[in-house]
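Have the sequence and the 3D view open side by side. We'll walk through a few spots, one after another.

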Amino acid sequence: MTPSTAMWMLQCRSPNHVTQVSTIPLPRNMDEVQTLDPLSDYFEANGYEGPSVQLQFLWHGMNYLRNNPQDRLFAHLFWQVERVRGQVYRHCIQRPLTPGLMNFIRFYERKSPVTSLVDQVEFESSGVLGGVGHGLRSLEVRTSPKSDADKQTKYLDGFVSNIKRLKAQSVSNPNDEKAKQGKLQFDGWQKLEVGLVLHFLKFRGTPTDRGEPRSYDLANNADPSQQNVGVNNGMRWQEFLRGQRASANAIGKTIERRPELLSVLRAIDVCRDEHGVPCWIVAPLFKIARDRIFGAMANYRRLKHVELPALRTTIHVGEDFVHLSTGLRYMDEAVEHLGLQQGDRVGHGLALGIEPISWTNEFTRLTMPCEDRWFDLIWERQKHQQSGARFTNDRRTFVESEIVRLAQFIFGSSKNSEDNDFEWTFDRAMELVSWLYSQAKLNEVGFMSGRMTRQRPTGLTRQLERYLTEPAVYCRCRSVEWVCVTSDRPAVVELQRLVRQRYSMRGIAIEVNPVCNLLVGNLTDLQSHPLWRLAPGIGNDNEATLQITVGSDDPFPFATNLPEEYQFLYDSLVLAGKSHAEARGWLQAIQ
């Protein structure tokens, strides 16, 4: 047979190449990933450097088509292969015109069938994409905690082994020709600081995650009417929190067994659906993990006379919100209830950098869930009491009356006449919200335990029980509230100033992911990124400036990496009128 190039590409050494049925083990390093590609039978795998086998196939295929236009068979096969690659790429990469965190979540979930096959090389891959051997100094790896302490310990041990293997590989076989060729790529591992972050994931519920949200957010984890279908046991968030507590205890138990693992487990985090799960549900998870870890550290210090590295916190917050006041509240709650301190960090934090006057001019009137507006106003009223706060008396009167109006609407009428006789005040509303962060108060109404600590709750305790258990109250919480944003303008300006001041004084860093923020935050371009109002040295020194760290979000759905993120910022600075030297100097200062 005289094969055309198309037939040559289809030739294979065994039938297994055609059927894809193979006993070849899954790859354990980056070189093996390319070698496992069937195209590597015909094109050389170049490791980290040089073109991939896919790129070589594309280049040779295009060149062949240009020189052999009559080969219709090859043309059909070639473009079919490229079409499939394009469809897979389009399916997994978050495209423009689809902003918002929930869109990203759905794109993010699509990669699992692919990445689950190469989980042995995820660590090495993240280092390569981050710039190992090309200046990367610190690599942060993220994953979800296990719900079992044995599995969590096994994962952390495997993580330590990965680090040791790659650092040993960077100096092994100095006379080996392949090692010499790859010396640049491996040298970076020796100098690299590596840490693991375990992040709790926020799940609003199956309908929303699937892109099929129900009216009033029904059938989600917060819906108390879902107790008969296994979502909740008659109380908001109860089953969700019960499952997450198992993961928090697994983290704590792992460190109690092996405190030295804190050398690689550097922080705990919460991420994913920021707007979907409230802070009062997340706060107990951090307390469980921290209490057990800090106890283990104290025991280790007493027995070994060695101080282990402090466990840090990094919260994804301030990116996904309807009203800017809500985003600022989320960021303030992270400090107040999740214990952010100097050395900790928030992911994104765009709410602190958005220009509030421009924002209120753009969104003059909007809709939001009634409950969110109620929580925003209660939080704002608390800020009115802060020393140095600048709110007018008229604003204070308006906020107090709105808190009462919304409370009366949310809790409405009840079959119990005592509930209808309960008189709402703004002080009582503020107290009820504070009780959501009190384990003792939640225990009184049987939250998590299912058993009330007293026979029949009355007064405000009864309203807390209604908030957690009554489907009618839940539906009124999720009903639509129209908000005139322009009337909120002076208050939003002051709220942002107070929260920025709090973050600046505590030394909490803001992590910026330019490409992710551009897509998820629906920003028009990088020159309008909120970063420029946060960062020092960009003409923003008249306000409280914050510590900034530049990172890259997931490289698969956003199709970017850390060096490219720095390049985007550099280009934006130059386009904004900075000199090349000024742009380089600012980026070096941020690093």
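## A loop residue to start with

Where is the place of Asp217? Look in the loop between α12 (206-209) and α13 (238-257); helices (H or I, at least four residues) and strands (E, at least two) are DSSP runs, numbered from the N terminus. Before going further: this is a predicted model, where local features need pLDDT of at least 70, side-chain atom pairs count only at pLDDT 80 or more, and totals for chains, interfaces and linings use all residues. Residues are numbered from 1 along each chain as its sequence is written, and side-chain values use heavy atoms, with hydrogens and water left out.

Asp217 is buried, with a relative accessible area of 16%. Here buried means under 20% relative accessible area, exposed over 50% and partly exposed in between (1.4 Å probe, protein chains only). Leaving aside neighbours within four places in sequence, Asp217 is in contact (heavy atoms within 4.5 Å) with Arg204, Asp223, Tyr474 and Arg478.

Most residues other than glycine have a negative phi. Asp217 isn't a glycine, yet its phi is positive, at about 55 degrees. His348 is another non-glycine residue with a positive value, near 80 degrees. You'll find His348 in strand β5 (residues 345-348), and it counts as buried at 2% relative accessibility.

## Helix α15

Now go to helix α15, residues 324-338. Its 15 residues reach 21 Å from the first C-alpha to the last, close to the 21 Å expected at 1.5 Å a residue; the expected span is 1.5 Å times one less than the number of residues. Because 13 of its 15 residues are buried, α15 is largely enclosed by the rest of the structure. After the helix comes Gly339, with a positive phi near 70 degrees.

## The nonpolar core

A nonpolar core is a set of buried Ala, Val, Leu, Ile, Met, Phe, Trp, Tyr and Cys residues joined through side-chain atoms within 4.5 Å. The largest one here has 124 residues, and Trp374 and Tyr503 touch the most other members. Helix α14 (residues 279-304) gives the most to this core, with 13 residues.

Have a look around Tyr503: not counting residues up to four places away in sequence, it touches Met331, Ala334, Val335, Leu340, Val346, Leu352, Ile508, Ile510 and Leu546.

A cavity is a set of points on a 1 Å grid over the protein atoms alone where a 1.4 Å probe fits but cannot get out; lining residues have an atom within 4 Å of a point. The count comes to three cavities of 30 Å³ or more. Of the 14 residues that line the largest cavity, Lys202, Cys279, Val317, Tyr330 and Leu338 are the closest to its centre.

Helix α15 turns up again here, giving the largest share of that lining, four residues.

## One more buried spot

Finally, Leu166 sits in helix α9 (residues 149-169) and is buried, with a relative accessible area of 0%. Leu166 and Trp189 are 23 residues apart along the chain, with 6.6 Å between their C-alpha atoms.

Definitions and conventions
1 Å grid on protein atoms, 1.4 Å probe; cavity = no way out; pocket = protein on both sides within 12 Å on 5 of 7 lines; lining within 4 Å. Points joined across faces, edges and corners; volume = space filled by probe spheres on them.
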